[in-house]
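Good morning, colleagues. Please look at the structure on the screen while I take you through parts of its fold.

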Amino acid sequence: MTEAVLRRRRRSGSGLTAGVFALLAALALAGCADTLGGDEGVRASALAPTPPPPAAETPKVDPAEVAIAEREHPKILAAFGGTYEDRDAEIAIARAVGRLVTASDEPWRNYRVTILNSPAVNAFALPGGYVYVTRGLLALANDTSEVAAVIAHEMAHVTARHAFSRAERAQAAAIANRAVQNVVDNPDQQKTVLANTQLSLARFSQEQELQADAMGIRTLERAGFDPYAAARFLTSMARYAAWKTAVPADGGKDGTDFLSSHPSTPERISQAVAAAAAAGTGPGDRDRDGYLTHVDGLMFGDDPVEGYVRGREFLHAKLGLAFTVPAGFQLENTARAVLATDPSGTAMRFDGADVPRGGDLVGYLTAGWINGLDQASVRTLSINGLPAAVASAAARGYHYRIAVIRFGDQTYRFLFASKVPGPAFDKAFLDTVASFRALPPGEQAGLRPLHIRVVTVQPGDTVETIARRMSMMDRPVDLFRVLNGLGPADQPTPGSKVKIVSET
């Protein structure tokens with residue numbers, strides 16, 4: 001979370017409940033978010049030049065597409081801290097994009113590819129040829145063909161005009177929903193009709209994703225890349241998500257989330273394998289060693305400006321603060337807040353509070369921004385010598401615990417939410433709040449960003465011995481396997497190159 005956001009003095013006009021729904025949505029990892037807007041963070045653009053055909057034959061890009069992209073692009077940059085500037089990574093992407101554009105259905109189109117300054121693994125596209133990939137995605141990929149597979153998928157969304165189709169479908173659904181709400185008196189019937197509309201939209205989006213997968217793999221094959229790269233990277237994404245959440249790669253469920261905008265990962269992988277096999281070509285170009293050379297030194301995890309997540313602890317060197325979440329919680333540091341969830345569904349948000357310097361903490365809690373506030377629960381206390389106030393609330397099926405803590409001239413806020421309150425919920429809230437502390441100067445100075453480092457496997461090296469160099473990470477053996485595409489029983493080959501996460 002950025003210093004500016006932590007220091008921001010703002011009041012939530014929409015109330016607490018809406019904020020928690022936004023929190024839960026922000027925690028979801030998506031494979032791509034090809035919408036008219038976008039919610040990822042950004043760094044580094046490379047325009048892939050393509051020799052145009054003769055002027056008389058060159059189609060024109062729809063001005064409406066360009067207008068949308070130009071309007072939304074600055075919002076994406078502003079929301080997520082600008083671009084990630086890494087010349088080597090930009091060169092690797094630009095070369096891949098040049099090959100893909102030449103092999104695409106619209107070789108006359110130019111693409112602007114931006115590397116997002118986000119540790120999340122994601123990619124998405126705007127109309128007009130604006131494509132975004134996160135540095136987290138680049139860190140997870142193991143060769144140029146895997147990155148090319150992602151970009152080819154997003155290019156397919158652009159050429160198939162999926163964003164326009166989805167927007168038109170959503171607008172029609174909104175009109176239909178309003179009509180249902182105005183005409184149908186039976187609440188149960190209303191719910192059924194509205195649920196069917198939502199299911200239709202979700203299926204429409206899933207169809208787009210599978211279509212983009214198939215189109216992207218065809219482009220990948222025509223460009224001479226390994227057509228199986230898409231399936232490999234989808235597998236790595238699922239394994240990385242499982243490492244982050246400490247759950248099996250299938251999420252512990254056999255079924256599909258029918259209201260998800262993306263098909264289930266197993267479905268996408270199986271269809272990607274089938275599409276690659278249908279290409280009927282050889283394995284194609286992977287360019288593993290060349291790619292690893294380009295990502296050596298890439299930042300991994302949080303940007304120093306946004307603080308650091310180290311296991312269950314969040315630390316911000318410049319602001320000089322830290323706190324720890326209980327065992328079982330998974331921290332996610334975003335540009336706007338620090339988020340966390342646990343397997344029971346408890347959600348946490350940490351951010352700056354709208355309290356003037358020296359302002360009344362109780363007055364802030366009772367100012368009306370908390371829906372369903374229990375006035376009797378509001379009380380003051382001291383947290384490690386710092387003035388604080390806490391409160392409880394309940395609204396729309398959720399139970400809340402809120403704490404505000406004054407730290408120097410600033411005030412910070414913890415929000416906890418759960419549908420199932422009880423002793424465990426209260427303990428998680430109180431333990432987290434009680435862990436809030438000032439970082440001593442020595443600890444602040446010792447905080448350094450993490451980077452991807454590429455090392456050569458030596459004789460006698462194993463997954464376990466190499467993973468010891470990543471002791472600062474949670475479950476380093478599992479992470480090392482995921483980052484290098486190694487299965488549960490695989491061992492690295494001496495002389496080969498592998499990625500590790502390092503503080504140097």
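This is a predicted model: local features need pLDDT of at least 70, side-chain atom pairs count only at pLDDT 80 or more; totals for chains, interfaces and linings use all residues.

Strand 10 and strand 11, residues 347-352, pair in the antiparallel sense over four bridges. Strands here are DSSP runs of E with at least two residues, helices are runs of H or I with at least four residues, and both are numbered from the N terminus. Two strands count as paired if DSSP finds at least two bridges between them. Within this pair, Thr341 has Ala347 of strand 11 as its bridge partner. The two strands form a hairpin with five residues between them, and there Gly345 takes a positive phi near 100 degrees.

Residues are numbered from 1 along each chain as its sequence is written, and side-chain values use heavy atoms, with hydrogens and water left out.

Leu331 stands opposite Ala340 of strand 10. This hairpin has four residues between its strands.

Where do these strands belong? They are part of an open sheet of seven strands in the order 9-10-11-15-14-13-12, with antiparallel pairing. Strand 9 and strand 12 (373-383) are the edge strands, each pairing on one side only. On average, neighbouring strands of this sheet are turned by 15 degrees against each other, direction ignored; axes are lines fitted to C-alpha atoms, for helices over the stretch in contact, and angles run from 0 to 180 degrees between N-to-C directions.

Further along the sheet, nine bridges join strand 14 (residues 398-407) to strand 15 (residues 410-418) in the antiparallel sense. Arg406 has Thr411 as its bridge partner in strand 15. Helix 13, residues 423-434, lies across strands including strand 11, strand 12 and strand 14, and runs at about 10 degrees to strand 14.

A second open sheet has three strands in the order 5-17-18, also with antiparallel pairing. Its edge strands are strand 5 and strand 18 (497-502). Strand 17, residues 450-456, is joined to strand 18 by six bridges, and His451 stands opposite Ser502 in strand 18. Helix 16, residues 476-483, packs on this sheet and touches strand 5, strand 17 and strand 18, contact meaning heavy atoms within 4.5 Å.

Let me turn to the second largest pocket. A pocket is an open set of points, on a 1 Å grid over the protein atoms alone, where a 1.4 Å probe fits, with protein on both sides within 12 Å along at least five of seven lines; lining residues have an atom within 4 Å of a point. Its volume is about 510 Å³, a volume being the space filled by probe spheres set on the points, which are joined across faces, edges and corners.

Which residues lie nearest the centre of this pocket? Of the 29 lining residues, they are Trp243, Lys244, Val309, Leu331 and Met473. Strand 9 gives the most to the lining, with four residues. The lining divides into 15 nonpolar, six polar and eight charged residues; Ala, Val, Leu, Ile, Met, Phe, Trp, Tyr, Cys and Pro count as nonpolar, Asp, Glu, Lys and Arg as charged, and the others, Gly among them, as polar.
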